[in-house]
Amino acid sequence: MPDDTPVQPATALLVLGCPQVPVQTSIALYLISRLKKAGLVPVVAGNKAANTLLVIADPDRHYLGEVMDLDRAVALISEKKRDFDRCFVFIHNDAGISYAATMGVISKAKLFTLVYGEHSDDLVQQIEFPCTTIAAKAVHNPLPLKKALDEVKPWAV
Amino acid sequence: MGCVEEMNYEILLRDASFKESRAYIKEHFPEYIDVQPGFKVFDIHVIGIPPIAIGLDHDFVIFPYTKPCHGTFLLRVEDTEEAARLRATKSGKSAK
C-alpha cells in the first residue's frame, strides 16, 4: 500500500544576534533566499530590533516567512515542542557563542555558525563545540561573508 | 524568558562574557550546580556553554541571563522554593 503521507520540507532556523553589525540583516535575507530556492523552509528567531530590521526591509514578504522571538524559540526547542533540520547562528559577540552552544545542546539540527564583525578571528577560536563555521571579518560590507557562505553552500548540504 | 523584568533581582555582573560569569559563581559561591543549556531556572531557559553554573546562597539563586545585545548578566534572586528545587537536582559532583 503506497504511503500517502506528504513529505514535509526541511526546515532551517536562523538565530539572529544583536543587529549592531550591519552585515547581519543583509546576509540573513541572502541566506533565506538561498535556503528557499533549495526547498527549505526558513524561520527567523531574533530579538525585537533584529526581527524588525528584516520585516521592514521585506514588507511584502518575498523572502521572510515565519519570524519569532528568540526567547520563545529557545523555550519551544528546550521543551521539545519544536525543532529544525538546520540551524544557523549569527555570531559577532560572546552572547552569540552562548546561543550557538545552546542550540548545539537543545536542538537536533545540523549547526552552522556564521561569525563576522571586528573580532571574528577571536570568536572563531572560542567555538569548541561541533558545528560548521563560516567566518569572515565583515562589518559593513557583506561580500566577504557572502563569499564564505557561497563556498560552503550550507543550503545544499 | 519574559518574567525577568518582574523579578526583584540584583545584578552582580553586567555585560560579562559567559566565562566571566561562570568563574564568578565558582569563585564566590561554594554551593552551585552545573546544568545544561535550556535548563529552566524560574521561567527562564538558561543560555550558555555547557556546563552552566547556577549558584546557591541560602535562599538566593544566582544565574546567568544572556541577551544578544548586552552579553551576560549575572542575577541574584531570593526565592526559597526555587532554591530548594535546584538543590534537589544536585548530582553531587559539582556542589559542596
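These are my notebook entries on a predicted model with chains A and B.

**Entry 1: overall layout of chain A**

I began with the secondary structure. Chain A comes to six helices and six strands. I then read along the sequence and found the pattern β-α-β-α-β-α-β-α-β-α-β-α. Next I looked up the radius of gyration. For chain A it is 15 Å, close to the 15 Å that the globule rule gives for 157 residues, so the chain is as compact as a globular protein of that length. I also took the spans along the principal axes. The C-alpha trace of chain A covers about 55 × 35 × 30 Å.

**Entry 2: burial and contacts**

How much of chain A is buried? I found that 46% of its 157 residues count as buried. I turned to contacts in chain A between residues at least 6 apart in sequence. Of these, 60% join residues at least 24 apart.

**Entry 3: helix α1 of chain A**

I checked the length of α1(A), residues 23-37. At 1.5 Å a residue, its 15 residues should span 21 Å, and the end C-alpha atoms are 21 Å apart, which agrees. I then listed its buried residues. They are V23(A), Q24(A), T25(A), I27(A), A28(A), L29(A), L31(A), I32(A) and L35(A).

What covers them? I noted strands and helices of chain A. The strands include β1 (11-15), β2 (41-46), β4 (86-91) and β5 (110-115). The helices include α2 (48-57) and α6 (143-152). Just after α1(A) I came to G39(A), which takes a positive phi of about 95°.

**Entry 4: the nonpolar core**

I looked for the largest nonpolar core and found 76 residues in it. Which residues have the most contacts inside it? They are L14(A), V15(A), V89(A), L114(A) and I54(B). That list names residues from both chains. I kept a general point beside it: in soluble globular proteins, nonpolar side chains tend to be buried together.

**Entry 5: where chain A meets chain B**

I counted both sides of the contact. Chain A gives 19 residues and chain B gives 18. On the side of chain A, α3 (70-78) and α4 (94-106) each supply at least two residues. Which element gives the largest share of that side? It is α4(A), with nine residues. I sorted the side of chain A by type: ten residues are nonpolar, seven polar and two charged.

How values were computed:
Residues numbered from 1 in each chain as written. Chains lettered and ligands numbered in written order. Predicted model: local features only at pLDDT ≥ 70, side-chain atom pairs only at ≥ 80, totals over all residues. Core = buried A, V, L, I, M, F, W, Y, C linked by C-beta atoms within 7 Å. Buried ≥ 20, exposed ≤ 12 C-beta atoms within 10 Å, placed from the backbone. Helix = DSSP H or I, 4+ residues; strand = E, 2+ residues; numbered from the N terminus. Expected span 1.5 Å × (residues − 1). Contact = placed C-beta atoms within 7 Å. Nonpolar A, V, L, I, M, F, W, Y, C, P; charged D, E, K, R; others polar. Rg over C-alpha atoms; globule rule 2.2 N^0.38 Å.
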